[in-house]
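Keep the structure open while you read.

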Amino acid sequence: MDNPIFVTRPALPDIDEFLPYIKNIWESGILTNNGPYHIELEESLCKYLNVPYISLFSNGTLALVTALQTLRISGEVITTPFSFAATTHALWWNNIQPVFVDIEADTYTLDVNKIEAAITPNTTAILPVHVYGYPCHVQEIEKIANRYGLKVIYDAAHTFAAKYKNMSMASFGDLSVLSFHATKVFNTFEGGAIICHDKATKQRIDYLKNFGIADEVTVIAPGINAKMNEFQAALGILQLKKIDDYVLKRKQIFESYQNALKDIEGITIPQILNDFESNYAYFPILFDEKVFGKSRDTIYENMKTKNIFSRRYFYPLISEFPTYRGLKSASPNNLPIALRVAENVLCLPIYPGLDIADIERILSFLKN
Ligand code: T4K
């Protein structure tokens with residue numbers, strides 16, 4: 001049997017490059033709570049992403065939960081069902097009701113033309129997702145938010161190092177939330193961050209991720225423990241030196257797939273939009289069963305028998321989970337495009353260490 005190929009594998013530096021960082025942590029005894037590597041990584045990320053303020057987190061989910069707390073979001077929030085579970089779960093953990101709006105057929109992001117119809121007197125915010133790193137219609141979303149007095153928090157978990165209109169994709173909205181999970185373009189083992197635009201908000205986020213503690217005798221809010229530790233931050237510092245190389249390798253794989261699959265009938269491949277510099281985080285393809293001759297699920301299962309583990313991100317839709325399927329906005333009639341995409345999409349393996357022979361194996365399977 002051929003070696004297994006997974007949808008992703010973490011990009012990591014050479015262990016010898018990481019060991020001096022571990023030694024320093026051991027010798028200093030500073031393991032967490034805004035240590036020197038944490039401070040250095042925040043500064044380096046602000047420069048790399050060209051954003052004013054960033055606050056690091058132990059993971060992206062707690063960053064999402066805290067972002068909602070930061071802006072005191074409540075009531076109803078408009079969001080997409082076509083995402084990873086964490087997006088909507090962050091609302092649930094804040095006792096906020098998700099209101100699902102359908103996605104667009106070409107970008108798979110929130111359909112801006114359907115947002116206004118979902119707004120009620122209880123709506124306080126919009127939580128869109130730059131899914132697969134593809135940019136949402138940020139300007140239109142901002143206009144709607146301004147007209148109705150809503151906040152915008154982007155789930156930007158997939159966007160590290162991607163740019164839209166020459167701006168970091170993490171710079172949009174009132175807040176943007178990143179994930180640095182092992183499966184992401186930039187990983188710190190686990191990790192995440194909130195990007196914000198002013199010092200006072202950064203201060204509030206920093207309190208909230210540290211139990212709400214402002215000083216030894218002052219706790220300003222029921223915060224949580226969501227701090228990034230020094231090991232994660234040290235890895236981040238090292239990863240940042242390599243990120244451009246990681247993205248370049250992903251781009252080469254992305255283009256190999258694109259060239260090889262573009263003429264196969266029944267497969268739609270993502271198009272890179274104007275003004276968008278991708279990070280090539282995912283390679284989703286959409287099957288048209290009638291034209292291709294086989295369903296997405298058949299292909300997915302057959303691939304597994306060849307030891308190729310692609311993934312059906314994001315199937316099932318979040319709106320189909322038992323927790324959410326009773327909501328009015330979760331009705332399949334409300335989400336026809338999201339349903340169609342979720343039932344036909346397959347993400348092919350893409351990561352810097354994927355070698356040419358593996359790509360050939362995947363392509364020859366699809367072509368045959
Ligand atoms: N918002 C969005 C839009 C997200 O996509 C995510 C996370 C979040 C928020 C939340 O951020 P975090 O709290 O996670 O920072 C994975 C990840 O666990 C999850 O982080 C990610 N989205 C999601 C899209 O993918 P699974 O269930 O597919 O993970 P798993 O363990 O099946 O991993 C997929 C493949 O990756 C494995 O088959 C092999 C490889 N892998 C995985 C891990 C964890 C490795 O090679 N090494 C590893 O350490 O969810």
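Lys114 is partly exposed, with a relative accessible area of 36% (partly exposed sits between buried, under 20% relative accessible area, and exposed, over 50%, using a 1.4 Å probe and protein chains only). Keep in mind that this is a predicted model: local features need pLDDT of at least 70, side-chain atom pairs count only at pLDDT 80 or more, and totals for chains, interfaces and linings use all residues. Residues are numbered from 1 along each chain as its sequence is written, and side-chain values use heavy atoms, with hydrogens and water left out.

**Asp102 and Lys114**
- Lys114 has a salt-bridge partner, Asp102, with 4.0 Å between the closest N and O atoms (a salt bridge is a side-chain nitrogen of Lys or Arg within 4 Å of a carboxyl oxygen of Asp or Glu).
- Both residues sit in the loop between β4 (97-100) and β5 (123-127), 12 residues apart; strands are DSSP runs of E with at least two residues, helices are runs of H or I with at least four, and both are numbered from the N terminus.

**Asp2 and Arg361**
- Here's another salt bridge: Asp2 and Arg361 meet through their side chains at 3.6 Å, N to O.
- This one ties together distant parts of the chain, 359 residues apart: Asp2 comes before β1 (5-6), while Arg361 belongs to helix α11 (residues 356-367).
- Asp2 is partly exposed at 46% relative accessible area, whereas Arg361 counts as buried at 17%.

**Inside helix α7, and the overall count**
- Lys249 and Asp245 form a salt bridge, and their closest N and O atoms are 3.1 Å apart.
- Both are in helix α7 (residues 230-261), four residues apart, or about one turn of the helix.
- Each is partly exposed: Lys249 has a relative accessible area of 35%, and Asp245 has 38%.
- Searching the whole structure turns up 17 salt bridges.

**A three-stranded sheet**
- Three strands line up as β8-β7-β14 in an open sheet, with antiparallel pairing (two strands pair if DSSP finds at least two bridges between them).
- At the edges are β8 (167-168) and β14 (276-277), each pairing on one side only.
- Strand β7 (residues 163-164) is joined to β14 by two bridges, and the two run antiparallel.
- Lys163 has Glu277 as its bridge partner in β14.
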